[in-house]
Amino acid sequence: MSSIAPTVKLHLNKREITFLVPLYITLMVTVLSVLIALIFWRSGSQPGSDGWVIGSRNNPGIAYSLPGFLVYLGVQSIATTFPFALTLGATRRAFTAGTLAWAAMVSAYLAIVLAILTVLEIATNHWFTGFYIFDIYILGTGNIPRLLAIVFLGSLTSLTLGGVFAAAWVRFGTNGPRTLGIALGLVIAVGALLIVPAWPDLQAAFQLWWLAVTAVVVIAGSSIASWAFLRSATVR
Amino acid sequence: MTHAIDIRSVTRSYGSTRALDDASFSVPEGSICGLLGRNGAGKTTVMSIIAGQDRPSSGEAQVLGHTPFEHAPTLTRISYVRDNQRYPDDYRLHHVLRIAPAFAPFWDPDVAAELVDGFRIPARTAIKKFSRGQLSSVAIVLGLASRAPVTLFDEPYLGLDVSSRALFYRVLLQDLAEHPRTVLLSTHLIEESESLFDRVVILDRGKVVVDADRDDARDLAVTISGIDDAVDLVATGRRVFQTHAIGGLKSVTVAGSVDADLRERADRAGVKVAPASLQDLVAAYGAGDPTTADHQVGARS
């Protein structure tokens, strides 16, 4: 009997944090975005004007709030759940696979929720008042297939990154995430040093799918590293 | 005889610390085996290895004929809740009761309900806020209701009041009678648990010092008590595990059984001899390296 499906159930066991907390956060972002829009409105900006639309669509609130929560969710999906999963009889391999499957489910759920909200926003002519909450640049400007890809890959990246840091902690204690953080920082710094001279050319040639490929590489790398850490981790 | 658990020359080191040192013992199927020894003797380490939560540095552990580490079919047949078990953030009792059956194919919800009710485990409090006794209660619910063919209890009574312990004994014996399985139970409440065991394994500093049927284990040591010189005389030539002296009286725990020769010497010297209790035996092995009684007698004379 494989313990992949039970591991997915184990993660889904905390339904509120999995399904409702992301909605609470989205609601909070919505309220804050509306409040900010009202401030601009009161200060003379006109809903529907070019400046209003461009300014509203640059709202990065959702990008600031959801990933932070998702990284936390990824951390706890391993840090405190792994010891209990072992107790219940999961293998480390099945736990890693089940955790990735759960992360993909959560990411798909969020992508669908945000897609529905975006469709509603567009269908209601931006909530009948010209408020742009989801029809924004960072979510693909109303392009639903693009939004689905952005939210799915972005969420999965956040969850698996949180997971790999937690797996490093389970395996090596506090030294694990510290060393992993330093190593990642060095890789990013060296990478930046190498590509800085070609930055203008890269910027000119930039394609959105580059980000998608980067996300897939990060997701795969994090998942493999999590498995490598957990495989030899001792729970004490 | 088929063995549910087979530990062969297992050593487990953490850095320079040797938690298990060439340990070997077996637990027959259907047995209730007490795993005894001092704190740090290696009980939790060996249980972790049996449960597939850890691997030996060397040697081999087999459970139901397989190496448990990463062997899914075997892991579904083992139940082991650590004495310091961690639960996912914000877990409450209902989270545990809802998820456990997904992993435990033999889960019995009636047993779980009976224990939850009997232990009065709070339903609304987060598990991380539970008292030591309440945490032990949750571990017992998981261990007994899972009805795993190999069930490991690591200090199941920690913090439990006397009524809860009585409930645990009753349900354990009742459920084992209906659904026999192999139980390995570590505890420091030896006198209270002794009657449960049909077999005992005593660990000291990572080594197996006793692996025997419970009744045979009682024949491994004798307590000799009386006036100190007379006790020393009777104990001469035997391995002394432990000595207690008050004024001119002395009690020593020595290796061996109460045979006719010992009884005759004791009668002549006017001292009492009796088989050591299991608790005395565990305390004796944990007291330190045995000495030979000759030296003590020699020193006095």
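**View 1. Surroundings of B:Ile224 in the predicted model.** Leaving aside neighbours within four places in sequence, B:Ile224 is in contact with B:Val231, B:Val234, B:Ala235, B:Val252, B:Val254, B:Ala266, B:Val271 and B:Val273. The model shown here and in the following views is predicted.

**View 2. The largest nonpolar core.** This core has 141 residues. Those with the most contacts inside it are B:Ile224, A:Val170, B:Ile50, B:Leu184, B:Ile202 and B:Leu281. Helix H8 (residues 144-172) of chain A contributes the largest share of the core, 15 residues. From chain B, domain 1 (3-205) and domain 2 (220-300) each supply at least three residues to this core.

**View 3. A three-stranded open sheet in chain B.** The strand order is E2-E1-E4, and the pairing is antiparallel. Strand E2 (17-28) and strand E4 (58-63) of chain B are at the edges with a single partner strand each, so one side of each has no neighbour in the sheet. On average, neighbouring strands of the sheet are turned by 15 degrees against each other, direction ignored.

**View 4. Strand E1 of chain B, its pairing with E4(B), and helix H1.** Five bridges join strand E1 (residues 3-14) of chain B to E4(B) in the antiparallel sense. B:Ile7 has B:Ala61 in E4(B) as its bridge partner. Helix H1 (residues 43-50) of chain B packs on the sheet and touches E1, E2 and E4 of chain B. The direction of H1 makes about 120 degrees with that of E1(B).

**View 5. The contact between chain A and chain B.** Each chain gives 24 residues to the contact. On the side of chain B that touches chain A, helix H2 (72-75), strand E5 (78-81) and helix H3 (93-103) of chain B each supply at least two residues. H3(B) provides the largest share of that side, six residues. By class, the side of chain B that touches chain A has 13 nonpolar, four polar and seven charged residues.

Key:
Residues numbered from 1 in each chain as written. Chains lettered and ligands numbered in written order. Predicted model: local features only at pLDDT ≥ 70, side-chain atom pairs only at ≥ 80, totals over all residues. Contact = placed C-beta atoms within 7 Å. Helix = DSSP H or I, 4+ residues; strand = E, 2+ residues; numbered from the N terminus. Nonpolar A, V, L, I, M, F, W, Y, C, P; charged D, E, K, R; others polar. Core = buried A, V, L, I, M, F, W, Y, C linked by C-beta atoms within 7 Å. Buried ≥ 20, exposed ≤ 12 C-beta atoms within 10 Å, placed from the backbone. Domains from an automatic or database assignment. Pairing = 2+ DSSP bridges. Axes fitted to C-alpha atoms, helices over the stretch in contact; angles between N-to-C directions.
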